[in-house]
Amino acid sequence: MGCGASAEKYASPGASNEKMKWLHEVEENGLALKDAPTKFRNDKDIVLAALKQKGLSGMALVFASERLKGDRDIVLAAVKQYGKALQFATPDLQNDREIVMTAVLENGIALRFASENIRSDREFLLQAVKATKASWLLNFCPKLKGDEELCNEIDRLAGTGLVFTYYQSYNCSAEMRESFVATGASVPGGPAYQYVMEKLREKTGGTATVWFDEMPVFGFSADNGEWVHPSEECGRDLVPVPPPEGRHPMWNCLVESRSKKVQAEVGSHHPCWCCHWLREVKRRREEGAVICCAVSNIYLPFWVDDYGAGSSELSDAAADKYGLKRESFRNGRPPGWGEGEINIDGKRFSRVAPMHPDTLKPLGEGCRWERQALDGLNFPVYVFFMP
Ligand SMILES: [Zn+2]
């Protein structure tokens with residue numbers, strides 16, 4: 001981007017030097033439109049060029065003239081790039097079905113800024129949920145909320161398991177927590193974990209976690225990793241440990257507390273951490289919370305350097321290399337999983353999980369189990385790279 005040849009592409013024949021200068025400026029950075037003289041913020045060539053750059057440049061619509069905020073081509077280009085730019089469009093375009101749908105496909109939060117007319121339209125909402133599996137869009141349609149038949153149809157369209165629709169959005173999950181009750185059910189461990197938890201707890205919905213402190217509990221795997229806890233009750237929770245002969249392999253494990261790991265004595269009983277966590281997730285869901293899951297613990301970009309925050313995606317090649325279970329989900333997984341970099345609203349992050357300092361395995365061993373368990377539940381769980 002930003003080479004002279006493409007500036008010519010947007011310019012009308014005979015464009016002035018000053019216009020060419022601003023075309024170059026906005027090609028370098030769409031948000032530079034802010035500093036352009038009024039006449040250029042009302043120039044379709046320049047505004048369109050600003051909106052079509054990568055990253056958050058769709059946001060530049062806020063700096064366009066009032067006339068262009070009501071121009072259909074301009075607004076469509078803006079919401080395609082940045083759904084929430086819908087908030088800067090004129091009321092008639094906030095009531096334009098194609099524009100609103102384009103915005104919602106880019107970012108579901110954009111539905112907030114649609115006209116009341118559209119937010120009261122059953123068919124529009126069903127179409128949007130069908131395309132995104134985001135049943136939570138209903139939260140932006142207060143007039144439709146009491147309709148039980150509609151709610152059932154929405155649940156059916158949203159399906160079950162992990163949903164990756166807005167996986168690459170920088171702040172969709174944070175904005176969900178601002179807008180309605182959304183609970184973070186899973187976040188990778190490591191040094192950034194506690195900081196993410198603090199951020200999630202700031203809002204209603206908070207986190208679904210269970211904590212037993214010094215009490216030894218059963219974990220998510222047993223029998224040297226051959227047995228993995230299912231999405232249902234396992235049958236170990238507070239059940240006396242049977243004698244070794246002929247017992248189920250799920251009993252062949254240590255129990256772990258905050259500070260130690262010990263052998264589970266025959267006849268003793270311990271809570272199962274996984275059963276308690278799954279009950280907590282289901283209880284939150286019953287109470288009406290939207291359940292979310294974060295694949296990285298990178299809340300802000302600088303956390304990568306300051307707290308060693310990172311991805312917990314595991315590629316098949318890395319899984320095989322470390323003898324871990326490959327990750328697969330019923331709705332599939334985003335392309336490039338666990339490899340290279342991911343582009344989140346114009347910022348790039350490594351998708352390769354860093355080594356956890358304690359386990360010496362790729363970050364997120366526990367949260368990878370949590371993902372598999374969440375994927376097996378009978379409701380959708382919304383997954384994001386950024387917590
Ligand atoms: Zn269990």
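Mentor: Start with one word: buried means under 20% relative accessible area, exposed means over 50%, and partly exposed is in between (1.4 Å probe, protein chains only). Helices (H or I, at least four residues) and strands (E, at least two) are DSSP runs, numbered from the N terminus.

This is a predicted model, where local features need pLDDT of at least 70, side-chain atom pairs need pLDDT 80 or more, and totals for chains, interfaces and linings use all residues. Residues are numbered from 1 along each chain as its sequence is written, and side-chain values use heavy atoms, without hydrogens and water.

First, the whole protein. It has 15 helices and 10 strands. Its C-alpha atoms fill a box of roughly 90 × 45 × 30 Å along the principal axes. Of its 387 residues, 51% count as buried.

Now try the burial rule on helix α4, residues 44-51. This helix is mostly covered, with 7 of its 8 residues buried. The buried residues are Asp45, Ile46, Val47, Leu48, Ala49, Ala50 and Leu51.

Which protein atoms hold the zinc ion as donors? They are NE2 of His229 and the SG atoms of Cys234, Cys272 and Cys275. These atoms lie 2.0 to 2.3 Å from the zinc ion. A donor is an N, O or S atom within 2.8 Å of the metal (3.2 Å for Na, K and Ca); water is not among the atoms, so sites may look incomplete.

Next, the geometry. The 4 donor atoms make angles of 103 to 118°, and the site of the zinc ion is tetrahedral.

Now read the donors along the chain. Their spacing is H-x4-C-x37-C-x2-C. Cysteine 234 sits in the loop between β4 (227-228) and β5 (254-256). Cysteine 272 sits in the loop between β6 (261-263) and α12 (273-286). The pair therefore ties together parts that are 38 residues apart in sequence. Are these two cysteines buried or exposed? Cysteine 234 and cysteine 272 are both buried.

Rings of Phe, Tyr and Trp (its six-membered ring) pair if their centres lie within 6.5 Å; planes under 30 degrees apart count as stacked, over 60 as edge-to-face, and the rest as tilted. By this rule there are 21 aromatic pairs. One of them joins tryptophan 273 and tryptophan 277. Their centres are 5.8 Å apart and their planes are at 10°, a stacked pair. Both tryptophans lie in helix α12, 4 residues apart, which is about one turn of the helix. Both tryptophan 273 and tryptophan 277 are buried.

Tryptophan 273 has another partner, tryptophan 369. Here the ring centres are 6.4 Å apart and the planes stand at 65°, so the pair is edge-to-face. This pair links distant parts of the chain: tryptophan 273 is in helix α12, while tryptophan 369 is in helix α15 (residues 365-375), 96 residues away. Tryptophan 369 is buried, as is tryptophan 273.

Ring pairs also build a cluster. Its members are Phe164, Tyr167, Phe329, Trp337, Phe349 and Phe385.

Most residues other than glycine have a negative phi. Aspartate 213 has a positive phi of about 50°, although it is not a glycine. It lies in the loop between α11 (193-201) and β3 (221-222). With a relative accessible area of 34%, aspartate 213 is partly exposed. Aspartate 223 is not a glycine either, and its phi is positive, about 55°. This residue is in the loop between β3 and β4. Its relative accessible area is 26%, so aspartate 223 is partly exposed.

End with a strand. Glutamate 341 is found in β8, residues 341-344. At 47% relative accessibility, glutamate 341 counts as partly exposed. How far is glutamate 341 from glutamate 226 in space? The distance is 31 Å, C-alpha to C-alpha, and in sequence the two are 115 residues apart.

Note on methods: Four donors count as tetrahedral if all angles lie between 85 and 135 degrees; four count as square planar and six as octahedral if opposite donors are over 155 degrees apart and all others between 65 and 115; anything else is irregular.
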